[in-house]
Amino acid sequence: MEKDKYHHGNLKNALIEKAIELVNNVGEDSLSIRKVAGACGVTYAAPYAHFKSKEELLLACREYVSQQFANRLTNAIAGMDTTRPETLNVLGNAYIAFFKQHPAYYDFIFNTKEACKMVLTLDEVTGNYPPFEVFRKVCLALTEAYGIPKEEGLARLIRCWSLVHGATALIISPNVRLDGDWDEYLKTLYR
């Protein structure tokens, strides 16, 4: 019976998902690989086949969420003309939809000790937060296509990111209620 605990489907992803949940509930300092293993119902040694340390597990969690988030944004605008303003609307809606589907990721990626790091610029920065890079590229394309001064383009990028980031925080918060339907309200968010 003990052997079956190793056949957990995709154990690596299960450990990552459980670690994210635990960090959001008990904090990074209280997280341990032992707690993650117990929460997943596997032996305490099983996670070590995937992660050498708690720090490696946390890094894998950040990369996992960031990659899924960046993929969602990229897929949402695949085939779209990035010089059309509607592309930003689609991007913003994809941002919000991602965190509506995965609210635990929002706190984990933005509100933990080692939260994602971004450089707010229209210039390409090696290692910048991948989801932000998707927004940056679209805003840069729009800035160049419409002959907008770079400083104004950056201001628009920051406003756009801030708008969808803030709307997402409101939508996924258990303490915020809207008299009405968020989906209906979001149709007019970008006007």
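This is a predicted model: local features need pLDDT of at least 70, side-chain atom pairs count only at pLDDT 80 or more; totals for chains, interfaces and linings use all residues.
Trainee: Which residues lie nearest the centre of the largest pocket?
Mentor: P85, L88, L142, R156 and C160 do, and they belong to a lining of 17 residues. A pocket here is an open set of points on a 1 Å grid over the protein atoms alone, where a 1.4 Å probe fits, with protein on both sides within 12 Å along at least five of seven lines, and lining residues have an atom within 4 Å of a point.

Trainee: Which elements give two or more residues to that lining?
Mentor: Helix 4 (86-101), helix 6 (130-145) and helix 7 (150-172) do. Helix 7 gives the most to the lining of the largest pocket, with 6 residues.

Trainee: OK, how much space lies in the largest pocket?
Mentor: About 430 Å³, taken as the space filled by probe spheres set on the points, which are joined across faces, edges and corners.

Trainee: And what classes of residue make up the lining of the largest pocket?
Mentor: That lining divides into 11 nonpolar, 3 polar and 3 charged residues. Ala, Val, Leu, Ile, Met, Phe, Trp, Tyr, Cys and Pro count as nonpolar, Asp, Glu, Lys and Arg as charged, and the others, Gly among them, as polar.

Trainee: What volume does the second largest pocket have?
Mentor: About 170 Å³. The second largest pocket has 13 lining residues, with R62, S66, C116, K117 and Y129 nearest its centre. Helix 3 (residues 54-76) supplies the largest share of this lining, 4 residues. By class, the lining of the second largest pocket has 6 nonpolar, 3 polar and 4 charged residues.

Trainee: Stepping back, how many helices and strands are in the protein chain?
Mentor: There are 8 helices and 0 strands, counted as DSSP runs from the N terminus (H or I of at least four residues for helices, E of at least two for strands). The C-alpha trace spans about 65 × 45 × 30 Å along its principal axes.

Trainee: At what angle do helix 4 and helix 7 pack?
Mentor: About 30°, and their axes are 9 Å apart. That makes helix 4 roughly parallel to helix 7. Angles under 35 degrees count as roughly parallel, over 145 as roughly antiparallel, 65 to 115 as roughly perpendicular and the rest as oblique. They run from 0 to 180 degrees between N-to-C directions, using axes fitted to C-alpha atoms over the stretch in contact.

Trainee: Which residues of these two helices meet?
Mentor: L88, G92, Y95, I96, F99 and K100 in helix 4 meet C160, W161, V164, H165, A167, T168, I171 and I172 in helix 7, where contact means heavy atoms within 4.5 Å. That contact has 10 nonpolar, 3 polar and 1 charged residues.

Trainee: What about helix 1 and helix 2, what's their angle?
Mentor: Helix 1 (residues 11-26) and helix 2 (residues 33-40) pack at about 110°, with axes 9 Å apart. The two are therefore roughly perpendicular to each other. A14, L15, K18, A19 and L22 of helix 1 make the contact with K35, V36, A39 and C40 of helix 2. Those residues divide into 7 nonpolar, no polar and 2 charged.

Trainee: And how do the axes of helix 3 and helix 5 cross?
Mentor: At roughly 120°, coming within 10 Å, with helix 5 covering residues 103-110. That makes helix 3 oblique to helix 5. On the helix 3 side the contact has L58, C61, R62, Y64, V65, S66, Q68 and F69, and on the helix 5 side Y105, F108, I109 and F110. By class, this contact of helix 3 with helix 5 has 9 nonpolar, 2 polar and 1 charged residues.

Conventions. Residues are numbered from 1 along each chain as its sequence is written. Side-chain values use heavy atoms; hydrogens and water are left out.
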